[in-house]
Amino acid sequence: MRKSLWLSLSGILVAGLVALSLSSAFAEEPVKIGVYYPMTGPSAVYGQIGYKGLQLAQKERPKVLNREVKLFLTDNKSDKVESANAVSRLIQKNKVDAVIGGLTSSNTLSGAPVAEKSKVPMISPWATNPVVTQEKQWVFRACFIDPFQGFVGAKFARENLKAKNAAVLIDISQDYCVGIANFFMKNFTKMGGKVVSKLHYNTGDLDFTAQLTAIKTKNPDVVYCPGYFKELALIAMQAREVGLTAPILAGDAAQADELIKIGGKSVEGLSFTTHFDEMGVTTESGKKFVKAFRGAYPDVTPDSVSALSYDTYNILLDAIERAGSTDKEKVRAELEKTKDFQGVTGVMTMKDHDMIKPAVILTVKDGKFKWLATVQP
Amino acid sequence: MTFQLFLQQLINGLGLGSLYGLIAIGYTMVYGILRLINFAHGDVMMMSTYFAFFGVSIFALPWWVAALLAMILTGLLGISIDQGAYRPLRRASRISALITAIGVSFFLENAALVVFGSRPRAFYRPEMFRAIWHFGDISLLSLTGYTILITLCLLVIVYFIVYKTRMGMAMRAVSKDMHTVPLMGIDLNRVVAFTFGLGSVIAAVGGILWAMKYPQIEPLMGIIPGLKAFVAAVLGGIGNVFGAVLGGFILGITEILLVAFWPELSGYRDAFAFLLLILVLIFRPTGIMGEDLPE
């Protein structure tokens, strides 16, 4: 009697296990999303925090169309060639349904043509250079583009800083910096300002005293320098050393904790245009995101890259949901129709594959980034 | 351009040039004695900044203690690089040693990337170096003033060691004929080790001053200063310590004045430095002070 009970119990157990494994074997294929982020190399800072944003989004929304979502991360090593390789590996080997990435404009510019040719939808969270989506059917982005950032910078300089004369200092080895500086100059002049000095430097330069001394003699009211935080911190320090006291205005590449760690007191009062700030969230989802991010990563400040990555994931999943399948052409069409998406970085609408959305202006005060204003498009 | 502005730019150039010169001393010493271009020199400099960085940030040492410790550690690193990588090749052809030097350089860079990570770190600038001196309209960071002084002091010390001590005499002998020197009862390896140690200590001084001036350190930070110091050493006449410092000053001042006079060329500064190297190699391969026998 007892023996037969044991037997039947174990029989049920075995049957249950078999049923379980069968059901998972017959379950639908997961939705595969390829990610190519810089996890090593000079831009690793951005890749690592951006991927945290993606992971958080996936944790909160692990399924779409009742299918599991799987992320395939490939390191593009902050390199242009590796970026193109990463995208073709994701598409050919992992057979992904869509691609998220890259982060910097230069890397995205080399990854985008591969997705375009293979007809796989790609969406970049952070690449602001206009050329990234130009004449492309399959490439999208979740951020605004440099002309808008240059415009907001010029408007802020004219209206809030009351600047008449601006000096512009450009990193000529970065597509991003050259682009955004040109749009700033165009708009600043149109708004009645005057560009009194335009000087250059290269990524990796350490000494800017020559340029800054030359700028000082022109007595500008503002120095527009849309560079990356590493050079920017040194520029701010050396500006104070040569006695140049005009406020410095920058672009979204300034947003990194290292800017303040390295620049210290010299970066006080430095302002920049960017995508997102904890203090400047305008949407419900934004508030939820900040709370969830702080909960998941207590030591990390949620920044633009993580917020945009989070938004990108949701924009893509919304499009897949509306398409009702992972059919690439349908997802592409739905991505184009994205409208009034309530993202954590603001309400956004897709137009010509770029996002129309607000920008925020931050400034450094008492060793912290402080929110100054949100500028609507 | 006003005269005052010219003076300000000249001072900017002197500040940059003294750093190039300081690093170039180590380059030129090793070349003068071994006929080896030690391409790892810039990376040894990078390591010294990390030693000092960890001394201050992890062990909370006063900055000058951390700097002294970093100098000693860097000296030991230089000696162990010589003993581990170059000593087995002492009698091999010069090209083998050169390639080994490039290998050591890559090794240090990538080991640092793995161990320290690629994110730049903020380097500490002591209070006494933060002041800004004003002379009329001309302003100067006190650190720059001290750097120029330290460079000149070190130059005198190196001169004294090379010309006034027994070790210096041995060093000059090795530079004349490396293979005969051991026959005269001089311990060749001790002399070479001493040279590498001294060169690395000076690199550490240069590295720490460099990191105080441009206070962010990262594993690849040694490449450009290393190359620029190489240009300075060749410009001044490689093998000659006075030439190295002179070459450093000339390079620093030209770089700055190029931007001062032709602001539209400001993006081509590095290109110009290397153009200068090519011109020197074509028209005066021995450099400015290269006619004297190398030390």
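At what angle do helix H2 (residues 41-57) of chain B and helix H8 (residues 223-236) of chain B pack, and how far apart are their axes? Keep that for the second stop.

This is a predicted model: local features need pLDDT of at least 70, side-chain atom pairs count only at pLDDT 80 or more, and totals for chains, interfaces and linings use all residues. Residues are numbered from 1 along each chain as its sequence is written, while chains are lettered from A and ligands numbered from 1 in the order in which they are written.

**Stop 1: chain A**

Select chain A. Its C-alpha atoms fill a box of roughly 100 × 45 × 35 Å along the principal axes. Colour by secondary structure: twelve helices and 16 strands. Helices (H or I, at least four residues) and strands (E, at least two) are DSSP runs, numbered from the N terminus. Of the 377 residues of chain A, 55% count as buried (20 or more other C-beta atoms within 10 Å of the residue's own, with C-beta atoms placed from the backbone). Take the contacts in chain A between residues at least 6 apart in sequence: 68% join residues at least 24 apart. Contact means C-beta atoms, placed from the backbone, within 7 Å.

**Stop 2: two helices in chain B**

Now select H2(B) and H8(B). They pack at about 135°, with axes 8 Å apart. That angle makes H2(B) oblique to H8(B). Axes are lines fitted to C-alpha atoms, for helices over the stretch in contact, and angles run from 0 to 180 degrees between N-to-C directions.

Show side chains. From H2(B) come B:His41, B:Gly42, B:Asp43 and B:Met45. They meet B:Ile223, B:Pro225, B:Gly226 and B:Ala229 in H8(B). By class, this contact has four nonpolar, three polar and one charged residues. Ala, Val, Leu, Ile, Met, Phe, Trp, Tyr, Cys and Pro count as nonpolar, Asp, Glu, Lys and Arg as charged, and the others, Gly among them, as polar.

**Stop 3: a hairpin in chain B**

Move to strands S2 (132-135) and S3 (138-141) of chain B. They pair in the antiparallel sense over four bridges; pairing needs at least two DSSP bridges. B:His134 stands opposite B:Ser139 in S3(B). Two residues lie between the strands, and B:Gly136 takes a positive phi near 60° in this hairpin.

**Stop 4: where the chains meet**

Show both chains. The contact takes 28 residues from chain A and 23 residues from chain B. On the side of chain A, suppliers of at least two residues each include H2 (44-60), S8 (194-201) and H8 (229-241). H7(A) gives the largest share, six residues. The residues on this side divide into 13 nonpolar, ten polar and five charged.

Note on methods
Angles under 35 degrees count as roughly parallel, over 145 as roughly antiparallel, 65 to 115 as roughly perpendicular and the rest as oblique. Two residues are in contact if their C-beta atoms, placed from the backbone, lie within 7 Å. A residue is buried if 20 or more other C-beta atoms lie within 10 Å of its own, exposed if 12 or fewer, and partly exposed in between; C-beta atoms are placed from the backbone.
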